[in-house]
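Biologist: I am new to this structure and would like a close look at a single part of it, the sheet. Could you take me through its strands and the side-chain pairs that go with them?

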Amino acid sequence: MKKVIFVFAAIITALTTYAQYDPEALAVLDAMSSKYKKIPSFQANFSQQMINEGAGIDETIKGEIAVKGDMYVLKVAGQEIYNNATDVYTYSAEIQEVTVSTFDPEEQEITLGNIYDLYKEGYKYVLMSTQGNGDRIIELSPEKNDKSYHKIRLVIDKNDDLKKFTVFEKTGNQYIYDIKNFKSVALSDAYFTFDTSKYPDVEVIDFR
């Protein structure tokens, strides 16, 4: 009897490990990543919905983003953030001020620029379901317990485009990012640096 129990336990363990690094999920993720790697730069609109059911919070903001490699321009909530992979410029038109700081890639845990490759290091992944319209639902979970979140859910359509992703924080917050109007565009490196000469009245606060 003990032998049967041990064999059953071994099978369950094997299946659990297999599911954590699901080859079907990996195939979908690799196809998505490969598709975006071929795009030199892109622009998209997005919405960010923050939900905390326990606290009765449901808030949505909308924005625009442009990405080229590690560089991005993010326009959201009255701010424009320019990251040229060396410096980060945060501009507020309302107060005519721009702050400049040194780019630290370690601070950029999950962004619309790195979400396409996030799964490649430090994550387990499993294909949860395939919807009737071809959408694949994949969940990522960090291998280590040192993140502020415990799960990321991706919605990848039948064309290998990322439509939506949700970050589940340990606090109970859920951040839902819905990606719209994604398009490949040609952007110069200079596009990702805030040009102070175009804003003569802006106050520059340099933290570098």
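Modeller: Please keep in mind that the model is predicted, with a mean pLDDT of 88 for the chain. These two strands are part of an open sheet of 12 strands with mixed pairing, in the order β7-β8-β9-β10-β11-β1-β2-β3-β4-β5-β6-β12. Because β7 (123-130) and β12 (203-206) stand at the edges and have a single partner strand each, one side of each is left without a neighbour in the sheet. On average, neighbouring strands are turned by 20 degrees against each other, direction ignored. Across β7, β8, β9, β10 and β11 lies helix α2 (residues 23-37), which runs at about 100 degrees to β7.

As for the side chains, the structure holds 11 salt bridges, and one of them joins K163 and D135 at 2.9 Å, N to O. That pair links distant parts of the chain, since K163 is in strand β10 while D135 is in the loop between β7 and β8, 28 residues apart. K163 counts as partly exposed at 32% relative accessibility, whereas D135, at 8%, counts as buried. A salt bridge also joins D160 and R136, again at 2.9 Å, N to O; here D160 is in the loop between β9 and β10 and R136 in strand β8, 24 residues apart. R136 is buried, with a relative accessible area of 13%.

Methods. Residues numbered from 1 in each chain as written. Predicted model: local features only at pLDDT ≥ 70, side-chain atom pairs only at ≥ 80, totals over all residues. Heavy atoms only, no water. Pairing = 2+ DSSP bridges. Helix = DSSP H or I, 4+ residues; strand = E, 2+ residues; numbered from the N terminus. Axes fitted to C-alpha atoms, helices over the stretch in contact; angles between N-to-C directions. Contact = heavy atoms within 4.5 Å. pLDDT = per-residue confidence, 0-100. Salt bridge = Lys/Arg side-chain N within 4 Å of Asp/Glu carboxyl O. Buried < 20%, exposed > 50% of the residue type's maximum accessible area, 1.4 Å probe, protein only.
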